[in-house]
Amino acid sequence: MTTLKSGDSFPSDVVFQYIPWNEESGEITSCGIPINYNASQEWANKKVVLFSVPGAFTPTCSVSHVPGYIQNLPKLREKGVDIVAVVAFNDPFVMSAWGKANGVRGDDILFLSDPDAKFSKSIGWADEASGRTGRYAIVIDHGKVSYAQIETERGVVKKSGADAVLASL
């Protein structure tokens, strides 16, 4: 278990679960088919902002964390960010529904599932008490980590929010 820090290479074996958005299953009550999303491969030649939340539809995550990224998506794109993704321990069906509930269409923001918080545990950023993913943000620029911060206070979005990430770009 190694904590990621600026200058590190992003791990080569990171796979999340994901339900791609499409028009046919665009309603919140519609289900898609989960697929594996090989983040290491997909992000190798891109600038990516990955932020993690303890859980979909939870208060801090739904009121401030995700909305901050939705509102700042144009600014992130201006800074050269190719992909913005949120990850939580929830299953891919819940993550897909959460994206739809937030009005996210297409691949504007990827709502990824980290089953059993496997990735978060591998970098030491899962909550030990609950087993959930921690609240953190990582910027990966063509395979290299350029920003990695975890929140240490419960219910706080300072280091992992869109404003902090934007300031680091």
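1. A quick convention before the details: contact means heavy atoms within 4.5 Å. This is a predicted model, where local features need pLDDT of at least 70 and side-chain atom pairs count only at pLDDT 80 or more, while totals for chains, interfaces and linings use all residues. Residues are numbered from 1 along each chain as its sequence is written, and side-chain values use heavy atoms, with hydrogens and water left out.

2. Let me start with D114. Not counting residues up to four places away in sequence, D114 touches F16, V87, A88, F89, N90, F119, S120 and T133. D114 sits in the loop between β5 (110-113) and α5 (118-122); helices (H or I, at least four residues) and strands (E, at least two) are DSSP runs, numbered from the N terminus.

3. The backbone of K118 is another matter: its nitrogen lies 3.0 Å from a polar atom of the D114 side chain.

4. Next, C61 in helix α2. C61 is buried, with a relative accessible area of 1%. Among the residues that C61 touches beyond four places in sequence are P54, W98 and R135. The C-alpha atoms of C61 and G155 are separated by 8.4 Å, although the two are 94 residues apart along the chain.

5. Now the open space. The largest pocket holds about 480 Å³. Of its 20 lining residues, P54, D127, R135, R154 and G155 are the closest to the centre. Helix α2 (residues 59-71) gives the most to this lining, with three residues. On a 1 Å grid over the protein atoms alone, a pocket is an open set with protein on both sides within 12 Å along at least five of seven lines, a cavity is a set of points where a 1.4 Å probe fits but cannot get out, and lining residues have an atom within 4 Å of a point. Grid points are joined across faces, edges and corners, and a volume is the space filled by probe spheres set on the points.

6. The largest cavity has a volume of about 100 Å³, and α4 gives the most to its lining, with four residues.

Definitions and conventions
Polar contact = N/O pair within 3.5 Å; in protein donor to acceptor, adjacent residues only side chain to side chain. Buried < 20%, exposed > 50% of the residue type's maximum accessible area, 1.4 Å probe, protein only.
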